[in-house]
Amino acid sequence: MMSLTGKYAVGILLTFTILAAAMLYAFPAVIMITGIKGITEVNFFLSRIVLWIILILVFLYTIFIEKSVFLLKEEKKYSAAFYVKAVLSLYFICLIGGGILNAVILFFIEEKISTKLLNLVPIFRNNYFLVIFTCLTAAIVEEFLMRGYVQSRLEKIYNSPTVAIVISSVLFGILHSTYGTISQVLGPFFIGIVFAVFYKRYSNIKILIICHFMIDFIAMMMNFIDIKHLSVF
């Protein structure tokens, strides 16, 4: 009979493998199923639904295979002021640190804009629902799986918070390699480190979800939403 540590290891491997497969093949699979060719709002929306299904599957794995709770680290409660301070601090650390990292990458490598991101511009242009849904999906699914599930179980397996932080962050960076640029790997790796350290220290996944959403939402609003459409006048 497999030990609990073994079940943790299998769960981590399955989670990463399924997520990587979804990043690579969810969109082509949706196109094949719907018969709607090309990058459309419907196809992209359904590809995000796939990520929610993966989260549900991992949740079921913890219940029926691990016979454990999804979040091994008990959620700590904090004041509203702490939430605001933590979210803003994390956001600016990621913004400034990510900006510096990106500048260093561009100094050494002449990197082009991700073709995958450029192809998504038409479906996101002024599409408020898709922008919000995409940001919510990324924030909730990725934080629950990479920090809540993977990081906490790696810490149990290796009995080392440092190893768990590094490995979970490396996996987080690799998952974003499908965008085809070095910055889209190293940027998430850096954010993964920041978030993983925070999660180890403060044990609050909700703050990470809020900050993750904030990072993605602001970036997408700046790139995909025409500011004149935000005016109510």
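Guide: In helix 6, Pro161, Ile165, Val166, Ser168, Ser169, Val170, Phe172, Gly173 and Ile174 meet Gln184, Val185, Pro188, Phe189, Gly192, Ile193, Ala196, Val197 and Lys200 of helix 7. The residues of this contact comprise 12 nonpolar, five polar and one charged. This is a predicted model, in which local features need pLDDT of at least 70 and side-chain atom pairs pLDDT 80 or more, while totals for chains, interfaces and linings use all residues. Residues are numbered from 1 along each chain as its sequence is written, and side-chain values use heavy atoms, without hydrogens and water.

Visitor: At what angle do the axes of helix 6 and helix 7 cross?

Guide: Axes are lines fitted to C-alpha atoms over the stretch in contact, with angles from 0 to 180 degrees between N-to-C directions. Here the axes of helix 6 (residues 161-175) and helix 7 (residues 183-202) cross at roughly 145° and come within 7 Å.

Visitor: Is Thr15 buried or exposed?

Guide: Buried means under 20% relative accessible area and exposed over 50% (1.4 Å probe, protein chains only). Thr15 has a relative accessible area of 2%, so this residue is buried. Thr15 belongs to helix 1 (residues 4-34). Beyond its neighbours within four places in sequence, Thr15 is in contact with Val58, Leu145, Tyr149 and Val150.

Technical notes:
Helix = DSSP H or I, 4+ residues; strand = E, 2+ residues; numbered from the N terminus. Contact = heavy atoms within 4.5 Å. Nonpolar A, V, L, I, M, F, W, Y, C, P; charged D, E, K, R; others polar.
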